[in-house]
Amino acid sequence: MMNQVKIASKFFAFKTLKQRLVFIIVIESIVVLLILVLISYQTIHSIQKNKLKTSMVVDLQQITEKTTEKYMNMTQISQQMSPEGNVGSLLDNYFQANSNFDKYQTGEQILDSLVKITFANTDLICRAYFDPVIGKYYFYNFLPTNAPQRFHVLKQNGNFYFHSLHLSNVKGLGDYQVLSMLRKINIGDGRELVIYIESRFEAKEQIENLSKSQGMNYVLLQLDADNRIQYSSDDTFGSGEQFQMTDEETVGSGLFGKSGEYVGVRLASDMGYANVLLLPSADYNRELFAWIRDVTSILLLALLLFGASYFVLSRLIYTPLTVFMSEMRKMGRGDLNTVSVHSGVIEFDQLFRQFNTMKQQIHNLMLDAEQVSQEKHKLEIEKIYHEINPHFLMNALHSIHWLAKMDGQTKIQTFITELNYILAYSLGKIDKQATVRTELKMLHSYLHLQKMRYDFQTDLKVEEGDYLETPTARMILQPIAENAIHHGLGDKGCLSISVSHSDERNAVIIVLEDNGKGLTTEELNSIKQTMLKTSDGDRKMSGIGLRYVHYMLESFYGNEAIINIESEFTRGTKVTLLLPIDREKSIAPPRQE
């Protein structure tokens, strides 16, 4: 039966849903992007270019690296000027010279070395020795005006004193901003001197240029290890004040936070001091607020556009979907009749065709399911029939057992008892979960039966332990023993069986060894190859018992169990089984002695 449904849609010339969606989205995107570019270009471009937080970290990192570099450079120069250095080592000769001429020559050597140091370090403004007792400078290139101890100490390390940024102490160069350090030394005559070094670093000029380029008022602080301000580029923050930032977050290699009406970045140096770059909160938020205002306007407009788009798309999509949902409900009520739908959209028409195909497939599956159910019923009847035969056989054996017992036939009674147990065990009627212990019990019953017929000896050694309760595959020992009895042992042969375990190797170790006629190399290789063959064309009778054991172990343990066969012609055969105690773990190799 075919129902006719037609959905007329002439809103667009485009026939596929994809074309219509692409058209609408492209038009919307172009309009929104044009408005975004026209209104917010300057603001978004500025924020994207500067990325204030990251930009502040980068700017402060450059200042900190330059500052640390200058401190380290001055430290190296002071090392040369110390008594251990090539310059300072001449101080003893200078101050202990026996004549003015010797003193003059030594002084010239010191000055010449210092001039070379100054020439190699272009930012070096002053390097001199200062005697704090008499207040006198020695070997200076430019004469300092004051004692060096008056500057703010940013970091002290033993006899090293690193000063924060300050104006130069050199006469005539007081407008230069410098970093400086002093180092206390002692020379041979017990005199204490101070090495004083200045290196030019116009940090305030860099901060002013940065402020002008971005139209913001940046402030640079230098903090000592106790977070006290030792330098500030703005009078708002006084020297010696304690400085703290709140709401700190990691940005790059620095910490971004708030301090009063400022936001800023703190960056600790490897030397133990910290530099801080601050910005008034009003400047920091100015561009952000402008960007938020413009973007909010754009978003509102975009919402209006998307609302209109939603209305159009809902008319294009929802009507076919309503029809589809109606057909789905009909199918849920059992109506599997196909329906012909023409929505005007290629994708929806294809969907309805696929829906009709699905209905037909469901109908076919229902017919198949009914047929499978009937076949399953037949199989269950056959299964019950096949289960009756072994059950009948076991009952018959049980009856024979009692007849033998009543007539005093003890051997027949014992034989039937053991045979009945073996049959019940092999069919899974008893000992539902096979373990190493149940396998040994079944093997013992089998050997008992065979010894009633054949004259051979057995030597069974079992190491008692909880490992005997380890679950294992069913009927894996009997086929190996059967091969040994029927194909290897003579009338006076002996079958030795040992069972042990190794917790270290995670293995149950079972060894079955006979002293029979053994196997030739060709026969042994043939059996090993037969165990590995699985295709029906390769299955031959030779080695069928061992192949069964191999399949059972592989089915139960995967590839974790190990079966190994060793044999020597006329000397006997040895079969070793290694079964994992914990099937989640592999068997460990034997430890090398």
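Figure 1. Beyond the neighbours within four places in sequence, threonine 64 touches Leu267, Ser269, Tyr273 and Asn275.

**Figure 2. An edge-to-face pair of tyrosine 71 and tyrosine 273****.** The count of aromatic pairs in the model is 14. In the pair of tyrosine 71 and tyrosine 273, the ring centres are 5.6 Å apart and the planes stand at 75°; the pair is therefore edge-to-face, the cut-off being over 60 degrees. Tyrosine 71 is in helix α2, whereas tyrosine 273 is in the loop between β12 (262-268) and β13 (274-280), so that the pair links parts of the chain 202 residues apart. Tyrosine 71 is buried, at 0% relative accessibility. Tyrosine 273 is buried as well, at 1%.

**Figure 3. Tyrosine 94 and phenylalanine 139 with their aromatic cluster****.** The ring centres of tyrosine 94 and phenylalanine 139 are separated by 4.9 Å, and the planes are at 65°, so this pair is edge-to-face. Tyrosine 94 is in helix α3 (residues 91-95), and phenylalanine 139 is in the loop between β3 (136-138) and β4 (153-157). The two residues are 45 residues apart, and the pair links distant parts of the chain. Tyrosine 94 has 14% relative accessibility and counts as buried; phenylalanine 139, at 10%, is also buried. One aromatic cluster is formed by Tyr94, Phe95, Tyr129, Tyr138 and Phe139.

**Figure 4. Arginines over aromatic rings****.** The charged end of arginine 474 is placed over the ring of tyrosine 425, at 4.7 Å from the ring centre. Arginine 583 lies over the face of phenylalanine 556, 4.1 Å from the centre of that ring.

**Figure 5. Packing of helix α8 against helix α9****.** Two packed helices are described by the angle between their axes and the distance between the axes. For α8 (residues 410-426) and α9 (residues 436-453), the axes come within 10 Å and cross at roughly 140°. The crossing is left-handed. On the α8 side, the residues that meet α9 are Lys411, Thr414, Phe415, Glu418, Leu419, Tyr421, Ile422 and Tyr425. Their counterparts in α9 are Thr438, Glu439, Lys441, Met442, Ser445, Tyr446, His448, Leu449 and Met452. Tyr425 in this list is also the residue whose ring lies under the charged end of arginine 474.

**Figure 6. Buried residues of helix α10 and their cover****.** In helix α10 (residues 478-487), the buried residues are Gln478, Pro479, Ile480, Ala481, Ala484 and Ile485. The elements that cover these residues include α9, β16 (494-502), β17, α12 and β19 (572-580).

**Figure 7. Alanine 561 in the loop between α12 and β18****.** Alanine 561 is found in the loop between α12 (544-557) and β18 (562-568). Its relative accessible area is 18%, and alanine 561 is buried because the cut-off is under 20%. Setting aside neighbours within four places in sequence, alanine 561 is in contact with Leu553, Leu578, Leu579 and Pro580.

**Figure 8. Positive phi at asparagine 227 and aspartate 247****.** Asparagine 227 is not a glycine, yet has a positive phi of about 60°. This asparagine 227 is in the loop between β8 (219-223) and β9 (229-232), and is partly exposed, with a relative accessible area of 22%. Aspartate 247 also has a positive phi, near 55°. Aspartate 247 lies in strand β10 (residues 246-251) and is exposed, with a relative accessible area of 57%.

**Figure 9. Confidence along the predicted chain****.** The mean pLDDT of the chain is 80, and 82% of its residues reach 70 or more. Confidence is lowest in strand β1 (residues 3-6), with a mean of 52, and highest in strand β17 (residues 507-514), at 93. Over residues 384-389 pLDDT stays under 50, and the model has 0 contacts beyond four places in sequence for them. Residues 535-541 also stay under 50, with 5 such contacts.

Terms used:
Residues numbered from 1 in each chain as written. Predicted model: local features only at pLDDT ≥ 70, side-chain atom pairs only at ≥ 80, totals over all residues. Heavy atoms only, no water. Contact = heavy atoms within 4.5 Å. Phe/Tyr/Trp six-rings, centres within 6.5 Å; stacked < 30°, edge-to-face > 60°. Helix = DSSP H or I, 4+ residues; strand = E, 2+ residues; numbered from the N terminus. Buried < 20%, exposed > 50% of the residue type's maximum accessible area, 1.4 Å probe, protein only. Lys NZ or Arg CZ within 6 Å of the ring centre and 35° of its normal. pLDDT = per-residue confidence, 0-100. Axes fitted to C-alpha atoms, helices over the stretch in contact; angles between N-to-C directions. Left-handed = near helix turned anticlockwise from the far one by under 90°.
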